[in-house]
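Please read it alongside the sequence and the model.

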Amino acid sequence: MDLLFYFYILPILYLVFKLWKWADEKNDQECYIIDYECYQPTDDRMVDTQFSGEVVKRNKQLGLNEYKFLLKAIVSSGIGEQTYAPRIMFSGREFSPTIQDELSEMDEFFHDSIEKLLARSGISPQEIDVLVVNISMLAALPSLSSRIINHYKLREDVKVFNVTGMGCSASLISIDIVRNIFKTYKNVYALIVTSESLSPHWYSGNNRSMILANILFRSGGSAILLSNKRALKHRALFKLKCLVRTHHGSRDESYECCIQREDEDGKIGFHLGKNLPKAATRCFVDNLRVISPKILPLRELLRFAVVSFVRKMSNKSPKGDQPKKSLINFKTGVDHFCIHTGGKAVIDGIGFSLDLTEYDLEPARMTLHRFGNTSACSLWYVLAYMEAKRRLKKGDRVLMITFGAGFKCNSCLWEVVRESEGNAGNVWRDCIDSYPPESLANPYMEKYGWIQNEDISTFKIPEDE
């Protein structure tokens, strides 16, 4: 009898042990955000209407039609009067950048944000086990990650990843790199540094699809400290629940809609094609198909299946390229939406597709107005706005959505582990009380509206240029 008892109990105990071991190891693979820092450049780099006009006028390749086009674009951009630009713009040397200009722009961000983050977290640079740097448009030699290692004297065995060319979606790609490292190594700290290099990439031609980038992008940056240490889970701000990456690079239309290239005169710039919204929508939809089952409750997924079936049977689906609202209620599994500030049209499009309210879109709109499109780091300014407004409560779920050249759409879901304690280190601390403003309209039309009635002969492009 005793032998029979052991014969049955031992397999059960072994199974329980294996389940406990699996659960225990899983706890060491969690991805926590301990803290993060958004970069706020100094006030002498602030861009207002007057200065923007002066910079645009320095390009002698522009004619009246180009001025009208730029005026229309910036008036409807959603960008305000307190964004920031590289120092090279203020010295009038945007057409002749040097390597030192590029590196100085990055150093100013590195030395400010990384030092603030480490000091506030109480972490020594020598405790950093993993460093991920994503600056899409600057491939320096030695790399920017090596520059950080040299300045902060990181350990010789630090695991380093220097990511370039990922565009505005690079932040979540970096998070994915760290998440996968955490599955293999226990008790480590990871530092993600994300920004964009604008100094060497001012377009000096007059191709409409390429001059848009000149007015849409602004300076910014973020440093994020992550860990998988169990002992830090109660100190962490957020815990990663899931992350999904979608890449449509195999489709020519998607690959070519946002690309760096030369214009007809050999001037390098960023081409933003007319098919960009269509490519973004396709990628977004495919991304939602994958992440929805991971973040939404079963009842909502069942409701969606029934509604989809009924609509299909009744042939009520929108025809052609008509905008489509999602049949899924994402608010059943998401409390806050952290949207990439790629532009007013991007925010409006996501808001329409997911049937979001102005309250849901406010953080992204205000970030675009205050800081502009800061590329891959824009998500962290949006998140900081939510914190500054005391929106994030313990247990809340935050969905991040971002797009990037390639074409890519990446998304992830965070759970709020701990509410932020005050705005002392928040990039919004000095202006949060003035947001949202009564109006998001910028004064560009008021100041430069006269261009609409100007004679085209006044703005002839010089033939010798």
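With which residue does R87 form a salt bridge, and how far apart are the closest N and O atoms? The partner of R87 is E108, and the closest N and O atoms of the pair are 2.8 Å apart; a salt bridge here is a side-chain nitrogen of Lys or Arg within 4 Å of a carboxyl oxygen of Asp or Glu. R87 lies in helix 4 (residues 87-90) and E108 in helix 5, so the pair ties together parts that are 21 residues apart in sequence.

This is a predicted model, in which local features need pLDDT of at least 70 and side-chain atom pairs count only at pLDDT 80 or more, whereas totals for chains, interfaces and linings use all residues. Residues are numbered from 1 along each chain as its sequence is written, and side-chain values use heavy atoms, with hydrogens and water left out.

**Overall composition**

The protein chain has 15 helices and 13 strands, where helices (H or I, at least four residues) and strands (E, at least two) are DSSP runs numbered from the N terminus. Of the 465 residues in the protein chain, 51% are buried; buried means under 20% relative accessible area, exposed means over 50%, and partly exposed lies in between, with a 1.4 Å probe and protein chains only. Among the contacts in the protein chain with a separation of 6 or more, 82% are accounted for by residues 24 or more positions apart, a contact being heavy atoms within 4.5 Å.

**Salt bridges**

Side chains of opposite charge can pair when their charged atoms come close. A search of the whole structure finds 23 salt bridges, and the table sets out three of them.

| Salt bridge | Closest N and O atoms |
|---|---|
| R87 and E108 | 2.8 Å |
| D101 and R93 | 2.8 Å |
| D176 and R179 | 2.6 Å |

In the second pair, D101 is buried, with a relative accessible area of 15%, whereas R93 counts as partly exposed at 31% relative accessibility. An α-helix has 3.6 residues a turn, so residues three or four places apart point the same way. D176 is buried, with a relative accessible area of 8%.

**Helix packing**

Two packed helices are described by the angle between their axes and the distance between the axes. For helix 5 (residues 99-121) and helix 6 (residues 144-152), the axes come within 11 Å and cross at roughly 50°; axes are lines fitted to C-alpha atoms, for helices over the stretch in contact, and angles run from 0 to 180 degrees between N-to-C directions. Helix 5 and helix 6 are therefore oblique to each other, given that angles under 35 degrees count as roughly parallel, over 145 as roughly antiparallel, 65 to 115 as roughly perpendicular and the rest as oblique. The residues of helix 5 that take part are L103, M106, D107, F110, H111, I114 and E115, which meet L144, R147, I148, H151 and Y152 in helix 6.

Elsewhere, the buried residues of helix 2 (residues 49-57) are T49, F51, S52, G53, V55 and V56. These buried residues of helix 2 pack against strand 2 (46-47), helix 3 (64-75), helix 4 and helix 15.

**Backbone geometry in loops**

Most residues other than glycine have a negative phi, and most peptide bonds are trans. The peptide bond from L141 to P142 is cis, with omega near 0°, and P142 is found in the loop between strand 4 (130-135) and helix 6. A cis peptide bond also joins Y435 and P436, with omega about 0°; P436 is found in the loop between strand 13 (408-416) and helix 15 (444-448).

Positive phi values occur in D355, near 55°, and in R390, near 60°. D355 has its place in the loop between helix 12 (344-353) and helix 13 (358-371) and is partly exposed, with a relative accessible area of 47%. R390 is placed in the loop between helix 14 (378-388) and strand 12 (397-404), and R390 is partly exposed as well, with a relative accessible area of 45%.
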